[in-house]
Amino acid sequence: MTTIRQRRVEKGTEVAEDQPSEEKNVKPDGKILSDHTGGKLWNILWITVGGIVAISLGLLTSVYVATLHENDLWFSNIKEVEREISFRTECGLYYSYYKQMIQAASIQQGLHGLVYDNKTESVRTINILERMNVYQEVFLSILYRILPIQQYVEPVYFYIYTLFGLQAVYVIALYVTSWLLSGTWLSGLLAACWYITNRIDTTRVEFTIPLRENWALPFFAVQIAAITYLLRTHLQPVQERLTLTAVFIATFLFSLTWQFNQFMMLIQALALFILDCFDMIPTAKVTWLYIIQISGLLLVCVLQFFNSMILGSLLISFNASVLIARTVQKNLKKGGLLNRLGKLILHVLLVLGLTLLINKFIKKILNLESDEHIFKFLKAKFGFGATRDFDANLYLCEEAFGLLPLNTFSRLSDTLLFCVYVFVLFLMTVAAVIVAFRNLSGSNQVQFMEEMEECTITLKPDAAYNLIHTVLFGCLALSTMRMKYLWTSHMCVFASFGLCSTEVWKLILKCIHLYTSQRTHVIKYSIPIITLLYISYKFWPGIMDELSELREFYDPDTVELMNWIKSNTPNTAVFAGSMQLLAGVKLCTGRTLTNHPHYEDKNLRERTKQIYQIYAKRSPEDVYRILRSFGTDYVILEDSICYERRHSRGCRLRDLLDIANGHIMDGLGENEPDLKPSLYPRFCEEIKKNLPSYTIHFTRVFQNKTFHVYKLAKHK
């Protein structure tokens with residue numbers, strides 16, 4: 001198993017808002033500033049300072065995560081095989097295609113090898129560019145080949161530093177979004193500081209570098225920043241067109257780099273749909289955003305050789321349904337409260353019905369089953385019946401796909417982030433409910449507000465979008481821990497915006513009859529500054545300690561295995577084993593695999609379940625027949641899976657296989673009544689006894705404390 005061991009050491013001022021504000025360019029005594037030129041120069045100066053701070057924080061974050069990665073692994077000192085092993089599970093698979101493109105005789109040959117790949121899945125030729133989101137590896141490898149940098153930068157460093165550089169883009173995008181919402185770059189500074197000090201819960205880039213989300217989330221953050229700007233009022237036509245272009249580019253890049261893009265954008269589309277239903281954002285802009293989502297996804301579909309999973313996505317069906325339903329119901333936003341509520345309920349039902357109908361029709365036409373495991377998982381997760389489906393249970397038993405742990409909130413509260421977030425979320429939610437009710441009722445003010453004119457509540461479209469965005473992605477994170485990184489990063493933006501927002505403090509002070517313009521500005525700047533000082537005082541020493549802690553990559557068993565494979569097996573050898581390990585085998589040795597961790601294909605899922613019978617209670621003849629059907633020459637057994645203790649009974653891989661095969665599980669505990677004892681012992685345990693019934697098919701050729709490699713006999 002891969003471990004990390006201790007290393008052995010050898011000897012503010014506010015920027016003017018784009019949106020109109022009653023305090024803008026007004027002194028406390030109410031007199032308009034006479035020196036407009038001086039005011040403009042002052043604004044330009046502070047915008048420049050804010051931009052410099054944003055870029056500096058982005059670069060510092062990149063250096064920070066790069067230093068942590070180096071300090072954890074001693075990456076600059078370890079061997080190439082150890083560097084590659086450090087790209088664990090699917091990370092190694094994605095990086096292998098970058099390595100393949102770098103080592104190809106030419107760019108054309110490298111691309112041909114990806115389009116007609118017969119080493120990722122034995123006895124099958126697949127199109128990697130169609131199946132997986134690896135265009136970023138292709139682009140980066142081509143860039144490395146054509147730039148005159150080969151003598152100065154190793155390919156692996158060019159790759160990882162690109163990913164760390166994207167972290168700068170990510171932080172800058174979060175900074176800009178918060179700045180746009182609040183009108184002051186102090187808010188962006190606070191958001192970036194929260195992102196860094198909550199690193200454990202906001203990113204995992206330093207130890208899962210090639211993971212698709214580490215490529216995609218920076219572009220998603222840029223898209224959110226562009227949408228935030230687009231939803232501002234009083235934009236000039238040129239500004240609107242440029243912003244829409246930026247949204248499209250960011251949406252396209254986000255979609256191109258992550259296979260789960262359609263599900264994230266579906267949540268985003270739901271946010272836009274909710275806001276449009278309650279008339280909280282302009283319908284014309286929402287329509288453009290729907291079209292951009294569809295067109296960006298379809299462009300990716302073309303680049304991925306018309307990937308059927310994209311065509312059958314719920315996002316395309318939902319967006320098309322909304323546009324059709326809106327055409328049918330032209331007077332949706334007219335009438336009184338009850339009339340509009342009735343129309344709204346009918347509209348929602350129409351959209352949902354059309355979405356399911358269109359999606360089912362597309363999947364029927366395309367015979368699409370690539371994403372069925374996701375819906376099986378969701379059905380089981382939310383209690384719509386128990387399942388014995390192997391794929392669904394494989395997800396259900398992984399901690400990453402479980403509920404968000406409660407200790408996450410205690411960590412986020414230590415930096416005050418979660419406390420501030422809940423405070424801002426409560427205020428904004430109350431404001432949103434009041435504004436939505438007012439919009440539906442068609443009145444200018446809610447009745448109980450008419451008596452308190454000074455407390456009239458408004459909610460700007462950009463703030464409304466970010467509110468619904470954070471609520472929906474918060475629900476996603478609470479239900480699935482792996483998706484928390486989409487929420488926690490935006491939490492930094494939303495909390496800092498609320499703490500630095502003139503509108504928020506103005507509303508609070510007016511409602512308690514303490515409002516003055518001067519008092520609002522004092523609170524708006526003083527509380528964020530105090531928060532920044534607290535964060536610096538409490539967490540700066542810890543960050544410095546973290547940066548000074550030196551460790552070293554240590555996984556001698558896997559290194560020994562990879563070296564043995566390279567030295568003692570032919571280049572054409574086919575290996576079977578666990579998905580996670582085989583990704584490393586492909587990267588480190590270039591050998592052909594039977595299965596791999598990229599799970600978005602029905603045939604691969606069936607194949608993986610069959611290969612995993614090496615950990616089930618099956619006869620040696622059955623296992624041999626299954627492995628040979630996939631052209632297997634060698635099978636790798638892992639003690640960490642065969643004798644697994646990480647998961648509880650019922651969630652160990654061998655238990656999932658037993659349940660799927662209808663067999664009673666090992667160990668003390670209850671079994672479902674229809675499960676029966678197997679006629680055979682567990683294969684991975686029994687093969688080590690070298691019984692004749694096993695040795696006739698399998699010969700052990702390598703073993704260490706972790707791995708056992710068996711060569712399959714080639715019977716006629």
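The tour goes from domains to a sheet, then to helices and single residues.

**Before you start**

This is a predicted model, in which local features need pLDDT of at least 70 and side-chain atom pairs count only at pLDDT 80 or more, while totals for chains, interfaces and linings use all residues. Residues are numbered from 1 along each chain as its sequence is written, and side-chain values use heavy atoms, with hydrogens and water left out.

**Stop 1: the domains**

Colour residues 39-162, 163-548 and 556-712 separately: these are domain 1, domain 2 and domain 3 in the domain assignment. Such bounds come from an automatic or database domain assignment. The centres of domain 2 and domain 3, taken over C-alpha atoms, are separated by 42 Å. Their contact (heavy atoms within 4.5 Å) takes 15 residues from domain 2 and 21 residues from domain 3. About 1600 Å² is buried between domain 2 and domain 3, and carbon and sulfur atoms give 57% of this area. Buried area here is the accessible area, with a 1.4 Å probe, that two parts lose on being put together, summed over both.

Now select R388, F390 and C397. In domain 2 these residues lose the most area to domain 3, together 45% of what that side buries.

**Stop 2: the sheet**

Helices (H or I, at least four residues) and strands (E, at least two) are DSSP runs, numbered from the N terminus. Two strands pair if DSSP finds at least two bridges between them.

In what order do the 5 strands of the open sheet stand? The order is β4-β3-β5-β7-β6, and the pairing is mixed. Because β4 (592-593) and β6 stand at the edges with a single partner strand each, one side of each is left without a neighbour in the sheet.

V574 has T592 in β4 as its bridge partner.

The hairpin that joins β6 to β7 passes through 3 residues. Find F702, whose bridge partner in β7 is V709.

Helix α25 (residues 556-568) lies across β3, β5 (634-638), β6 and β7, and runs at about 20° to β7. Helix α28 (residues 620-629) also lies across β3, β5, β6 and β7, but runs at about 75° to β6. Axes are lines fitted to C-alpha atoms, for helices over the stretch in contact, and angles run from 0 to 180 degrees between N-to-C directions.

**Stop 3**

Buried means under 20% relative accessible area, exposed over 50%, and partly exposed in between, with a 1.4 Å probe and protein chains only.

Select residues 90-103, helix α3. At 1.5 Å a residue its 14 residues should span 20 Å, and its end C-alpha atoms are 20 Å apart, which agrees. The expected span is 1.5 Å times one less than the number of residues. Of the 14 residues of α3, 12 are buried, so the helix is largely enclosed by the rest of the structure. Among them are E90, L93, Y97 and I102.

Select residues 579-589, helix α26. Here 10 of the 11 residues are buried, so α26 too is largely enclosed by the rest of the structure. Its buried residues include M579, L582, V585 and C588. After α26 comes G590, with a positive phi near 75°.

**Stop 4: single residues**

Select R482 in the loop between α21 (461-479) and α22 (484-499). At 14% relative accessibility R482 counts as buried. Leaving aside neighbours within four places in sequence, its contacts include E90, R204, E213 and F401.

Select A269 in helix α12 (residues 261-277). Its relative accessible area is 0%, so A269 is buried. A269 and Y290 are 21 residues apart in sequence, and their C-alpha atoms are 7.0 Å apart.

Finish with N367, in the loop between α16 (337-366) and α17 (372-381). N367 is not a glycine, yet its phi is positive, about 55°. At 61% relative accessibility, N367 counts as exposed.
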